[in-house]
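Biologist: Please show me the model, and let us discuss how its side-chain interactions are classified.

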Amino acid sequence: MASKPLIRLLASILVCYVMFWLGFQTGRYIEEDYTTKQSQLAERNVFDKAVIVPLRQVGDHKVLLSQTEVTTSSPELCQPLTQVVFIKTHKTGSTTAASIIERFGYTRNLSFVVPPDRKYGPHILSSNARFSRHLIRDSPLPLKGAKYYNMLTNHVRYNRSEMEAVIPNATYVTILRHPVKHFESSFAYFGWAKKVKNRKGDLLAAFLETPQKYVDDKVYFWWQSHNGQLFDLGMDTEDTNEDEKVNEKIKNLEKEFDLVVIAEYFDESLLLLRKQLCWNLEDILYITKNIRPEKLRRTITDETTEKILSWNKADYNLYKHFNNTLWQKIQAYGPSFEEDLLTFRSEKEKVLHECVNTTLTIKRDPREMSYELRPNAPEKCINLMYGDVDFTKLLRNRQLGI
């Protein structure tokens with residue numbers, strides 16, 4: 001019969017072996033679980049450049065944080081991106097979108113490419129010229145003696161190489177609107193009806209009988225009257241009539257832009273923007289700007305709709321392509337999308353009632369309506385009410401040291 005010391009020795013060896021085996025298996029299972037979750041997370045966020053798979057220490061092992069821990073933990077897990085170029089397109093809701101980005105940058109002392117102070121178009125770099133460094137030769141320099149700017153949000157045509165020269169490593173964003181709504185809005189805003197001579201009734205339909213005539217006659221903002229969204233994105237008007245060039249342009253834009261917002265799905269797009277830039281929910285809240293009065297809206301017949309789409313075929317192909325990619329990205333967002341969208345819209349409704357009287361009024365421009373700020377509204381409401389013109393002035397003055 002074995003002695004008691006020998007039995008104790010064998011028992012100790014057995015206990016050590018069992019503990020070692022359990023520890024090894026636990027580590028193996030945690031590693032396998034982490035690898036699986038990492039793969040799943042990567043699949044859900046294939047379009048998101050800011051994805052980080054966060055870990056925390058548990059004993060001798062690192063494990064994946066839960067979704068709740070990711071959302072509520074420190075910013076070091078996901079750093080907000082601060083280099084952004086937003087290409088404003090005309091009559092697409094781009095002022096509201098730009099003001100969201102401008103508010104983020106203004107409240108964080110970021111440097112913006114802004115036009116020089118001038119009487120005409122103080123918030124517009126150019127309505128019809130591609131961006132170049134020459135355009136900003138008299139503009140305020142970046143803050144704190146920095147070599148580069150952080151953001152660009154004012155109207156100017158897309159020109160990637162020149163933009164990268166002043167804002168390197170930026171996230172590129174733009175916004176598109178359905179061509180029928182875009183054309184009808186442009187027709188009203190730019191006053192093209194005044195150029196339709198000796199006609200009564202449906203002046204929009206009359207304009208579309210000979211649309212090339214108005215391009216040739218160089219009506220006010222004529223470059224917006226034919227595939228204007230592609231024009232803003234850097235394509236010359238005459239090139240938009242050539243299908244091969246249009247298809248190539250769309251392919252290049254897909255490669256070069258990180259997100260294309262769709263105006264008809266603005267809130268959905270903003271959730272993607274928030275994820276793309278690793279911003280907070282509060283950063284994408286907004287109050288709609290520059291709302292067109294009902295008296296300036298037109299009812300469009302089916303026949304006129306078809307004419308608009310035919311005349312703006314290139315813009316329509318552009319819109320269909322990026323509307324499709326938007327829904328691909330929404331699908332890739334993950335199962336929380338609908339819940340996040342409801343939460344966002346609920347918070348948006350809260351700030352609307354907290355900040356403004358919800359009756360729309362016309363101010364300086366009869367083509368636009370806006371909300372009135374409530375008396376004694378908190379500062380966050382003031383910032384939410386600022387538009388592109390307001391923020392551009394504030395940003396310019398700050399960079400000038402005024």
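This is a predicted model: local features need pLDDT of at least 70, side-chain atom pairs count only at pLDDT 80 or more; totals for chains, interfaces and linings use all residues.

Modeller: Residues are numbered from 1 along each chain as its sequence is written, and side-chain values use heavy atoms, with hydrogens and water left out.

Biologist: What makes Arg130 and Asp236 a salt bridge?

Modeller: A salt bridge requires a side-chain nitrogen of Lys or Arg within 4 Å of a carboxyl oxygen of Asp or Glu. The closest N and O atoms of Arg130 and Asp236 are 2.8 Å apart, and the pair is therefore a salt bridge. It links distant parts of the chain, 106 residues apart: Arg130 is in the loop between strand S4 (112-113) and strand S5 (151-152), and Asp236 is in the loop between helix H8 (228-232) and helix H9 (243-256). Helices (H or I, at least four residues) and strands (E, at least two) are DSSP runs numbered from the N terminus. The structure holds 16 salt bridges.

Biologist: Why is Arg130 called partly exposed?

Modeller: Buried means under 20% relative accessible area and exposed over 50%, with partly exposed in between (1.4 Å probe, protein chains only). Arg130 has 34%, so the residue is partly exposed. Asp236, at 25%, is likewise partly exposed.

Biologist: Is Asp267 buried or exposed, and why?

Modeller: Asp267 has a relative accessibility of 7%, so the residue counts as buried. Asp267 lies in helix H10 (residues 266-277). Not counting residues up to four places away in sequence, Asp267 touches Tyr286, Leu341, Phe344, Arg345 and Lys348, where contact means heavy atoms within 4.5 Å.

Biologist: Why are the rings of Phe187 and Trp192 called edge-to-face?

Modeller: Rings of Phe, Tyr and Trp (its six-membered ring) pair if their centres lie within 6.5 Å; planes under 30 degrees apart count as stacked, over 60 as edge-to-face and the rest as tilted. By this rule there are 24 aromatic pairs. The ring centres of Phe187 and Trp192 are 6.4 Å apart and their planes stand at 75°, so the pair is edge-to-face. Phe187 is buried at 1% relative accessibility, and Trp192 is buried at 1%.

Biologist: What makes the pair of Phe221 and Trp223 tilted?

Modeller: The centres of these rings are 4.9 Å apart and their planes are at 40°, so the pair is tilted. Both Phe221 and Trp223 are buried. Ring pairs link a cluster whose members include Phe187, Trp192, Phe221 and Trp223.

Biologist: How do you know that the charged end of Lys275 sits over the ring of Tyr333?

Modeller: The criterion is NZ of Lys or CZ of Arg within 6 Å of the ring centre and within 35 degrees of the ring normal. The charged end of Lys275 sits over the ring of Tyr333, 4.7 Å from its centre. The charged end of Lys320 sits over the ring of Tyr316, 4.5 Å from its centre.
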